[in-house]
Amino acid sequence: MNANQIVNMIIRTVMRKAINGGINAGMKKFSGARSPQPAPQAHQPAPHLPATQAHTPAPQAPPAPPPAAELTPERAKIERKLAAKRAARAAEAAGRNTSG
């Protein structure tokens, strides 16, 4: 795989995600879909303390995601094959779904 193919693959991935994100956002807006409402918080101050002295929990940071595993040559080969299969299926589906 040469540099041109790698650059094209990255650009296609970024553009696909951007376009799909825009389509999904437009469909949500068009359909009037509402985002889920956050659950009401049931935290109330302790009854024996005035409201100014009630204990409020400190905000916690979300846990850090696990580090990404390094891609081995064997895994890279498998990923390339899977990407080629997905691209072939997408091209075949695009050819079937053309109107005209």
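Predicted model: local features only at pLDDT ≥ 70, side-chain atom pairs only at ≥ 80, totals over all residues.

Next I checked the overall build. I get 2 helices and 0 strands. Of the 100 residues, 2% count as buried. The helices are H1 (3–31) and H2 (73–96).

**Positive patch**

Which residues gather in a patch of positive charge on the surface? I wrote down Arg16, Lys17, Lys77, Arg80, Lys81, Lys85, Arg86 and Arg89. The elements that give two or more residues to this patch are helix H1 and helix H2. I then asked where the largest share comes from. That is H2, with 6 residues.

Lys81 is found in helix H2. Is Lys81 buried or exposed? Its relative accessibility is 53%, so Lys81 counts as exposed, because the cut-off for exposed is over 50%.

**Salt bridges**

Then I went after opposite charges. Side chains of opposite charge can pair when their charged atoms come close. How many salt bridges does the structure hold? I found 2.

Entry one is Glu79 with Arg75. The closest N and O atoms of this salt bridge are 2.6 Å apart. Both Glu79 and Arg75 lie in helix H2, 4 residues apart, which is about one turn of the helix. I looked up how open each partner is. Glu79 comes out at 29% relative accessibility, so I noted Glu79 as partly exposed. Arg75 has a relative accessible area of 39%, so Arg75 is partly exposed too.

Entry two is Arg96 with Glu92. Here the closest N and O atoms of the salt bridge are 3.1 Å apart. Arg96 and Glu92 both lie in helix H2, again 4 residues apart and about one turn of the helix. Arg96 counts as exposed because its relative accessibility is 58%. Glu92 sits at 49% relative accessibility, so Glu92 counts as partly exposed; I had to check that one against the cut-off, since exposed means over 50%.

Ile11 has its place in helix H1. With a relative accessible area of 48%, Ile11 is partly exposed.

**One distance**

Met9 counts as partly exposed because its relative accessibility is 38%. What separation did I get between the C-alpha atoms of Met9 and Ala83? I noted 9.6 Å, for two residues that are 74 residues apart along the chain.

Note on methods: Residues numbered from 1 in each chain as written. Heavy atoms only, no water. Patch = residues over 30% accessible without salt bridge, like charges linked within 9 Å, V, L, I, M, F, W, Y side chains within 5 Å. Areas by Shrake-Rupley, 256 points an atom, 1.4 Å probe, with all protein chains shown as cover. Salt bridge = Lys/Arg side-chain N within 4 Å of Asp/Glu carboxyl O. Lys, Arg positive; Asp, Glu negative; His and termini not counted. Charge placed at Lys NZ, Arg CZ, Asp CG, Glu CD. Buried < 20%, exposed > 50% of the residue type's maximum accessible area, 1.4 Å probe, protein only.
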